[in-house]
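Hi,

Here's the structure I promised to pass on. Have a look at it first, and my notes follow below.

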Amino acid sequence: MSQLSVQSVVKRFGDLVVLDKFDLDVAKGEFIALLGPSGCGKSTLLRIIAGLERPNGGDLHIAGRSVTGLAPEHRNIALMFQSYALLPHMTVIENVRFPLRMRGGGDRETQRAKALEALALVKLDHLADRFPRQLSGGQQQRVALARSIVAEPDLLLLDEPLSNLDARLREDMQVELKRLHESLGLTTIFVTHDQSEALGLADRVILMNRGRIEQAGSPEDIYSRPRTVFAADFLGGANIIELDVQGSGETWHGTFADGTQVPLAHASDLTAGKRKFMLRKEAVVFSPDETMATVEGSIETQNYLGGQTRSLIKVGDIEIIALTDSDRTETGRHATRIGWRPEELIPLQDA
Amino acid sequence: MIGATPRWVLGATAFFLVAVGLFMLVPLLVVIASSLSSSEFLVFPPPGLSLRWYGEILGSDAYLNAGWTSLKLALGTVVLALALGTPAAIALTRFRFAGRAAIASVFLSPLILPSLIFAIGLLIVFSRYAAGPSFLGLVIGHTVITMPYVIRTVSANLADIDPNLDEAARVMGARWWQRYLLVILPQCRTGMAAGAFFAFNISFDDAVIALFMRAPGVETLPMRIYSTLEFSPDPSVAAVSTVMIAMTMLLVVLLNRVFGLSRIA
Amino acid sequence: MSTGTMRLSREPALLLSPGLLFLLLAFFFPAIQLLAQSFLTVGAEAGRFTLEHYAKVVVDDFYAGVALRTFRLALIITALCLLIGFPLAVVMSRAGPTLRTILIVLIILPLMTSVVIRTFGWLVILGPGGVLSWTLQQLGLIERSMSLMHTETGVVLAMVQVLLPFLVLTTLGSIGQIPASLEEASRTMGAGFFGSIYHVTLPLSVPGLASGSLLVFALSISSFITPSLVGGVRLQVMAGSIYQQMTGSFDWGFGAALSVILLVITLMLIVPYMVITSRVGGRT
């Protein structure tokens, strides 16, 4: 039985359809990322799961119980807000104790002991008597996290959990979240617009676009086999190349606008005609060997990024961006030959 | 967070809002209704409708004179309050100097002294050091109580504006008078307008200072209304009051246009 | 360089001095004169120091009663304003833009209408054969015409309507600073609708509620127009007594003493009010 089941949920704000018959099933213990650009409906979905927004239609089950019309306080969930939403008039320990106090389990002392335990999990038990404003941003987030796990919720919801942290703290927190998830096994759903967060944390990534699921799957799957232009573009900003596809059986090739032909893999997905393909920037190499697809081009500009270099290469009228190790990069503007393994050209569905 | 509000709470809230709305507005509505009465007396419900009381006040020298006095008083107050308050607001928001916070609270202190007490002090001073209360005394009294509003609106206005504009003007070679005329004062426009509306409204409506500073031959509209209410209210008072309510509504609309009501609240 | 900095420090001084000078003469000087007047003898041997005016307030039962009534009414009025004003401010802070504008107009329009006119409205409502009496008769709740004029109930009703906007606006300033996510968070943590108001909104509005009530109380004890018109001479409050002393019986020393007592009490209330408001961001 699934821990969360979202069945054809619809949400409209006026004429704007934010969620369009949305379905989602989450198994117990899963770590799910809702990924998408702003306005794709991911935060609305999270708020509907939490009970803070009422859907216009559809059903919601948490841990086998229908919660569609239920107020947030009657769903056994926890939501960590992007702003943390720590209560400023309560100390850290009182903040963490709050869910226990509201749900009324045990006396004051047991509750405090439990809260202290949760704080120890995020290594903040020594700051229990401070007020939130006396803590740093990273510490505040840990308090918010402790407060979210203390009552052992059926569902842990995280709204952009890393967006308010600077780059270094973000890495620490990723480790922390993963570790907590592994040790507590809480079913966790988090919302993010950052593909690297989604790929780095989740067991399963739900890529959302305009109130629908664009693609769902494991991080590896969704990164290496995007199905649509949107998915390819959103996950890592790949080259999108349009080719004229010809062939049959196992041998197919694509033709660039200037007439250059390249061999294609993924034969079973192909049909003749114009088709868009994704080519990851990292898949492009200089001085290709004979097993690769090769094209003639010219280096237009380059940005040195340290370990890697980004090159803009013109192939006819098409621009291809290559991200290569700096020690394997030709430098300077000149005509050159680039290539990639045929299976790196991944056919996409339009729209 | 309507999504998580129980339905019966929404119902109770609607009831509460209607009740409070009635409580706040009915005192104004009954005044308007009374002004349309055809009766000589203030009875409810009015026996019939008529506009005769508006004709009555237009033909009454007492009301017309009082209206004229109130208008002169309010306009004089606006001019004086803007002239004294605007520079002070500029100094308090645009400069950092020792004692700034203390001086700011000195400027706002008339807000916290009940106008009743201030009125008595003013009455004592004018009786002892001048020939007694006068129209000028009223203008001065009203300027004191309205200047803080000008200072607050102009300060709020200036706080929203890029503090570097002034310096940019200097760098571009503007002399001090050019900075004030071309850069600083144009930026204060909305604040000054809002301050002027407040000052006009407060001066035009005040009865407390006016009643204490009663001078021979000087009667404002609120004074006239007060004394009529004390002795013999009739629907003509309601007609004058309705005209004043209409003016207040106009001011509220203007204030919303210029300044935004949500900034007052 | 030195002329530049000279100009900078001279500029605010020039801008401030007209206003400061004006306030000194037209505001602080009268306040001091009032204070002096309350300690000076009047009549044949005018101008000598005396405490007789203050003694009279304490000794005279009538004025002690007036003072007591003033404070009792102010307490009731403040409590009622809190009771109505807090929920109203909560609703206003959560309302959508349209409802919010309507509610703000509901508060601002009466606030900006002359107190004399609002009190006039209450006379029409409360008087014999007035709106209230008529309505209750129509509903069959009373048989004969009634009047709340010259009653404390009438004064309280009218005063609450006059002063409620001050409490609402002050509290709204405080509530407006509470992020919506705090209440939402408390809901997800198991607090009910009223639980989250009690545990989150209420404690965080305390600065606004405190400063609002102090303001309402201070305005209430010094109110003059509404109590004298609705309450009349039978229900005299301190402001009414002062008016009588200053313009009727011309006992200025006694009137000044009453005013100073009122002033001292007001300051005792207003100073904490200022401390609170400056801490939450300086607004009324």
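In what order do the five strands of the open sheet with E15 in chain A run? The order is E15-E19-E16-E17-E18, with antiparallel pairing (strands pair if DSSP finds at least two bridges between them; strands, E, at least two residues, and helices, H or I, at least four, are DSSP runs numbered from the N terminus). Strands E15 (285-286) and E18 (318-325) of chain A are the edges, each with a single partner strand, so one side of each has no neighbour in the sheet. E17 (residues 308-315) of chain A pairs with E18(A) over eight bridges, in the antiparallel sense, and Ser311(A) has Ala322(A) as its bridge partner there.

Before I go on: this is a predicted model, where local features need pLDDT of at least 70 and side-chain atom pairs pLDDT 80 or more, while totals for chains, interfaces and linings use all residues. Residues are numbered from 1 along each chain as its sequence is written, and chains are lettered from A and ligands numbered from 1 in the order written.

Chain A also has an open antiparallel sheet ordered E13-E12-E11-E14-E20. Its edges are E13 (261-264) and E20 (346-347), each with a single partner strand, so one side of each is left without a neighbour in the sheet. E14 (residues 273-279) of chain A and E20(A) pair antiparallel over two bridges, with Phe277(A) bridged to Pro347(A).

Over in chain C, the axes of helix H7 (residues 152-175) and helix H9 (residues 193-221) come within 8 Å and cross at roughly 145° (axes are lines fitted to C-alpha atoms over the stretch in contact, with angles from 0 to 180 degrees between N-to-C directions).

Cheers
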